[in-house]
There are 2 protein chains.
Amino acid sequence: MLSADFISALEAICTARHGAAVATMDAGVDEGNLAAGVVALPASTQQVQAVIRLCRQHKVQVVPQGGRTGLAGGALSAPGQLIIDMNRFDRVGDPDAVAGCIEVEAGATLQAVQDACSKVGCSPGIDLAARGSATIGGMVATNAGGMEAFRCGVMRNRVLGLEAVLPDGSVLNDLTRVRKVNEGFDIKHMLIGSEGRLGIVTRAVLALEPLETAAATALTGFATARDAVEAFAMLKAAGGLLRAEIMWRPYAEVTAAQTGLEAIPAACEGDVLVLFEMAGDSHDTAAEKLQDALSELPTLQGGLVAQSESQAADFWRIREDSFAVERVWPGGLWYDVTVPLDRLDDYTQGLQARVQAVSPELFVSIMGHLGDGNLHITIAAPGGASPVKDRCDAAVFDRLKDMGGSISAEHGIGLEKREAFAAHGDPSRQALTRQIARSLDPDGLMNPGKIFV
Amino acid sequence: MLSADFISALEAICTARHGAAVATMDAGVDEGNLAAGVVALPASTQQVQAVIRLCRQHKVQVVPQGGRTGLAGGALSAPGQLIIDMNRFDRVGDPDAVAGCIEVEAGATLQAVQDACSKVGCSPGIDLAARGSATIGGMVATNAGGMEAFRCGVMRNRVLGLEAVLPDGSVLNDLTRVRKVNEGFDIKHMLIGSEGRLGIVTRAVLALEPLETAAATALTGFATARDAVEAFAMLKAAGGLLRAEIMWRPYAEVTAAQTGLEAIPAACEGDVLVLFEMAGDSHDTAAEKLQDALSELPTLQGGLVAQSESQAADFWRIREDSFAVERVWPGGLWYDVTVPLDRLDDYTQGLQARVQAVSPELFVSIMGHLGDGNLHITIAAPGGASPVKDRCDAAVFDRLKDMGGSISAEHGIGLEKREAFAAHGDPSRQALTRQIARSLDPDGLMNPGKIFV
């Protein structure tokens, strides 16, 4: 437990909550995240520095938190630790359409940044379902991905400049607003994706993209992922492709059935369904362009272009209601991997076979972001039983690294993937991760236990 | 000088050259680069490892070299050091158009990679004038930029996977072929742009872009950089903009006069000239598209769309013959900075005024890559006299960091920019650069003296 001295020193620096005040913050939904029971709410970089220095002095471990939307346990805390909640860092600067960038504070939500950018016809070039809660700082710390990564990159590619408080309480002040900078090692790239172990992000400059205001959506069917990848390449070459989300049929059938939309996936044949979203000057021109492009696809096994916004919303519901799988197949194991586009069939067919070898009763759901080969996989047993984790892990991770893929695509390692990282990560990358963390944070106070023990 | 023991141990590992054999390699043009006088030419990652371990054992400093096309002195060597020449690492893998990537060895030239990719209708998404000599390893080590960075990113954004021999002789084996990877700190981003101080790049996986095979070029004039930036944004939004190179008039007039092309810049008005290159299905459709887009520009002060490839080549000669400035104004100081696009007029006008205050006789030449605000600046005195470096440095670097720009855009720090980096770089970034180098290379054997002392 934190001492009364520490808490009173903390309260002299910034707003803090502890005891019952923490319990009421999120009414129990965040039990693991808030287990530390003491939360600092700094509102300036200076306050974050002071809190970090206080923690060093008292050897108190720190868990930074943003929107707490991560799925890998990167924000879990324990009694005796201090949560640094960054939500008061919520200022969003004016987007500069000429320079193509915006400066934002770490606690601003993605949605708030998107809204500010849209006023000048721009977008931060990244989007994900948790946009209303996920904060920029958390997205930087976890190098978030999402649906636009194939054309705009992941969070790492969106960050032009970064301010962060480092483990020794000093500040990395690298708020450049340009893309071409070669001034010594690019330290900000060490912080991006470091899951809080190298510092606390306080501010970032993000690059902007033009905002597409009108788009049309199609649901399409293909016999194989290879055909879907070929279609993706053709639609991308046609220009204006905004999104390409892939679902293997079992996933789409489960989520569609949960929302009474069974007729939609049934209208396409093939094992692989893809949602394509194409930009245009208006919905109608976009729909026409999409229809034309689809009619050129030699391998299409049925496709529907949404005729209205509400129909498009139905299509997207089938993709986005991923929790439906958990409702129908509770207790499943989830994975987040990347597979090179030339190996998707090979990998998914092998995965099915390996899981069936574990137990023929297991259900395998696969969907994800087609353009970058990022698959979200769930393996579940009937009746809410727990699948055997070791054997399912082996089935999912087998050969992934050899084919040039990744065991952890966009959700990070946190606590959940730590064993997988230790077992499958490049030994040299693991060793350097530890070495650099030790060099910058010799007392191991920054989000300890996340990524590696 | 290196001992006979060391050299015979080196020769047992791999091909090596020393003494007169080194002097004949480049017939004197590379005097500073080859001053070490001993060159190892490893042909496998294992050989690089063995050479690095031998150097550690003998405490011999190492200078890695690729195409030796850098302009910042990053490949300079001295007697007693060992050059590791990576040119035997020249294998280029088969480009995979489906997965969108290619694996190449560090000594392959950019041109060799471009040629291989073009056979499958792809491009590595990066281009620069030294393409015939610059190697992929050197481009990774310096985080090269070039003309396509505004749409495809800099080298950092092109690298999906990396293999490198680290200062302790171990190998970072991170040859992923995908974009979404979150597995601990992204060590490869620490190596990219580290100018040889953290390891020697041996192999990389690069992302591919579709190759544009037909294009048209226009030379355009604008009163201000602000107008040029606005035109850039409009042409980019029209789709297919491949390049946008900016030249302030004094630069274009000097290079045009050297090649008898004075009539070309004279056909445009305004202080700021821009070369736009636009893709199309054929030269004619591209030229038509470019002409249409230019006709919509409210601020255009004259423009010429090249009617043939040879006319386009003349336009490009004016931009690319940057050594013409050195011939007419010998002994000048050169700079490579980045300015946010909303500050280009502000910065360049201030620069002119500051240089005139140093001496009204000084000539200022400015050109660069419009889309990312990367300016190449030369300041020269009449009659080959040397401008006062300290005062010119101050004139160029003044306020750059405050406006979110960079003192070193794409050529790196090397030896040439070391003082500027020490004076203007973020102190925290400098400190961490040193700390991480010390942690990974405690004996300081890897390209010592480059970036920082």
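A salt bridge is a side-chain nitrogen of Lys or Arg within 4 Å of a carboxyl oxygen of Asp or Glu, and in this predicted model the count between chain B and chain A is 14 salt bridges.

**Extent of the contact**
- The contact draws 72 residues from chain B and 72 residues from chain A, and the two chains bury about 6,100 Å² between them, with 56% of that area on carbon and sulfur atoms.
- Of the area that chain B buries against chain A, 18% is supplied by B:Lys180, B:Phe185 and B:Arg429, which is more than any other three residues supply.

**Polar and charged pairs**
- B:Arg429 forms a salt bridge with A:Asp174, in which the closest N and O atoms are 3.3 Å apart.
- Between chain B and chain A, 46 residue pairs are in polar contact, counting pairs in which both residues are at pLDDT 80 or more.

**The side of chain B that touches chain A**
- Several elements of chain B each supply at least two residues to this side, among them β8 (171-174), α9 (225-238) and α18 (427-440).
- The element that gives the most is α18(B), with nine residues.
- By type, the residues of this side divide into 28 nonpolar, 27 polar and 17 charged.

**The nonpolar core**
- The largest nonpolar core has 124 residues, and those with the most contacts inside it are A:Leu82, A:Ile136, B:Leu82 and B:Ile136.
- Leaving aside residues up to four places away in sequence, B:Ile136 touches residues including B:Val104, B:Leu110, B:Met155 and B:Leu206.

Definitions and conventions: Residues are numbered from 1 along each chain as its sequence is written. Chains are lettered from A and ligands numbered from 1 in the order in which they are written. This is a predicted model: local features need pLDDT of at least 70, side-chain atom pairs count only at pLDDT 80 or more; totals for chains, interfaces and linings use all residues. Side-chain values use heavy atoms; hydrogens and water are left out. Contact means heavy atoms within 4.5 Å. Buried area is the accessible area (1.4 Å probe) that two parts lose on being put together, summed over both. A polar contact is a pair of N or O atoms within 3.5 Å; within protein, one must be able to donate a hydrogen and the other to accept it, and residues adjacent in sequence count only if both atoms are side-chain atoms. Helices (H or I, at least four residues) and strands (E, at least two) are DSSP runs, numbered from the N terminus. Ala, Val, Leu, Ile, Met, Phe, Trp, Tyr, Cys and Pro count as nonpolar, Asp, Glu, Lys and Arg as charged, and the others, Gly among them, as polar. A nonpolar core is a set of buried Ala, Val, Leu, Ile, Met, Phe, Trp, Tyr and Cys residues joined through side-chain atoms within 4.5 Å. Buried means under 20% relative accessible area, exposed over 50%, partly exposed in between (1.4 Å probe, protein chains only).
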